[in-house]
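These are my notebook entries on a few local features, looked up one at a time. The sequence and the structure come before the entries.

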Amino acid sequence: MTDISMMAEPYKIKMVEAIRMTTRAEREKAIRKAGYNTFLLRSEDVWIDLLTDSGTAAMSDYQWAGMMLGDEAYAGSRNFYFLEEVVRDIMGYKHLVPTHQGRGAEHILSQSLIKKGDHVAGNMYFTTTRLHQEMAGASFHDIIIDEAHKPSVEHPFKGNVDIGKLEDLIKEFGADKIPYVAIGAPVNMAGGQPISMENMKEVSRLCRKNGIKVVLDAARVLENCWFIKQREKGYEKKSLKDICRELCSHTDACTMSAKKDAYVNIGGWLAMNDDKFFTKAKELVVVYEGLHTYGGMAGRDMEAVARGFKEATENEYIVGWRVRQVEYLGNKLIDAGIPIVHPIGGHAVFLDAKAFLPHIPQEEYPAQMLAAEIYVESGVRTMERGIVSAGRDPATGKNRTPKLELVRVTIPRRAYTNSHMDVTALAIENVWKRRDAIKGLKITYEPEALRFFQARFEPV
Ligand code: F0G
């Protein structure tokens, strides 16, 4: 990329928030108190917070100005109709059901379309997505290409579906037992890896032939579109908006966590074309989220969501810079010889904990410990994406043992500068130098669902 306007932040800073550095002794105490789980740390004890890119974005002046235009009517808020118009314009879906965040949409989707004993396929699992599918009575099947499970393998579209795996599932269970295929674009758990337009088309063709719906997980869809523009032939000159619209046209519905690519702190939606599905979802949203014209969001939240999504779609520097900043950190780690997932993803750099700490068996939670060590080293907060996140198989009660045992170093949108990336890389390098002395963990408390959020550990 020779465009120099893409070599610096496409914004300037109008307001700042102070962050506090702690001492190593304070951090050692804090991580013990948090049971070696970075989700249980207080944010005041964190210096640079790279736990997640969800709800952690800095909003623009355009979004903040929109917050003042919140129409806080219980029913029929004008901000809802604006959001509906923006989503229709960018994604092309006929109907919109607002929700408080992504998992609210996943809940309503799963309850609307899944019957007990059904099977849902997806390009790798996501934690909350799979849980809602299972709670609605379905079994989840991973149909991502094998390359996605191998951290060091380079592939421009590691989020692609293995069409053969999908065909086999249809043969095994029958299309009438598969209400939908869930497509993450990009795939969070694989390392923020995109799916190609070509592959999306093939998935769509096969599903439509068999009467199976395709549901897009659109949390980071603009980042996926950016990768298509950079890597897929024929898309170099297309706008993100056109690419997004085309991608969505190969699907029947989407769930959205607006906390990611709509650049807000809270919000989400479920969108679809099917009238019957819309009617069912509208019935459920009033039970679980709120009226069908606010779904758990304040009017001002809906305005910020609409403006954030519109702005990020129309100004490509916003998404382009964001992906570039992740790449900047990833390249620093590669230069230091640190094992990470290749290629560098859109929202985070993923450390390969199996290669970083090969002496710690997966049952002793190497990624969990690595995240804790990075925090103690520097005050930088990251998170585990390995055996703890994968949880237990509901049928057998046994630990799922994913091939990927990763630490996610997640970059919030517009919140940190490249100086923060420099010190983050240094902190991880310091842990890398003393990696041989790091020991594993054992679990002392484990919640039944989504255990990674609240589980507690102590060193073995
Ligand atoms: N889908 C994907 C791909 C996600 O990454 C998330 C959330 C959700 C759905 C659920 O959305 O949080 O708004 O309810 N991911 C966050 C993360 C939690 O840190 O990756 P939500």
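Where is the place of Ile411? I found Ile411 in the loop between β12 (406-410) and α16 (418-433); helices (H or I, at least four residues) and strands (E, at least two) are DSSP runs, numbered from the N terminus.

I note the basis of the entries here. The model is predicted, local features need pLDDT of at least 70, side-chain atom pairs count only at pLDDT 80 or more, and totals for chains, interfaces and linings use all residues. Residues are numbered from 1 along each chain as its sequence is written, and side-chain values use heavy atoms, with hydrogens and water left out.

Entry on Ile411, continued. I looked up the burial of Ile411: its relative accessible area is 0%, so Ile411 is buried (buried means under 20% relative accessible area, exposed over 50%, partly exposed in between, with a 1.4 Å probe and protein chains only). Leaving aside neighbours within four places in sequence, I listed the contacts (heavy atoms within 4.5 Å) of Ile411 as Leu50, Asp53, Arg322, Gln325, Val326, Leu329, His347 and Met421. For Gln325 I also noted the separation from Ile411: 86 residues in sequence and 8.1 Å in space, C-alpha to C-alpha.

Entry on Asn199. I placed Asn199 in helix α7 (residues 197-209). Asn199 counts as buried because its relative accessibility is 6%. Beyond neighbours within four places in sequence, Asn199 is in contact with Asn160, Val161 and Ile163.

Entry on α1. In helix α1 (residues 24-33) I found Arg27, Ala30 and Ile31 buried. Seen down the axis of α1, these buried residues fall within an arc of 95°, so they line one face of the helix; the arc is that of the directions from the helix axis to the C-beta atoms. On the other side of α1, Ala25, Lys29, Arg32 and Lys33 are exposed. The cover over the buried residues of α1 includes α14 (366-378). After α1 I noted Gly35, with a positive phi near 60°.

Entry on α4 and α10. I found that the axes of helix α4 (residues 102-113) and helix α10 (residues 275-288) come within 9 Å and cross at roughly 130°. Axes are lines fitted to C-alpha atoms, for helices over the stretch in contact, and angles run from 0 to 180 degrees between N-to-C directions. The contact involves His107, Ile108, Leu109, Gln111, Ser112 and Leu113 of α4 and Phe277, Lys280, Ala281, Leu284, Val285 and Tyr288 of α10.
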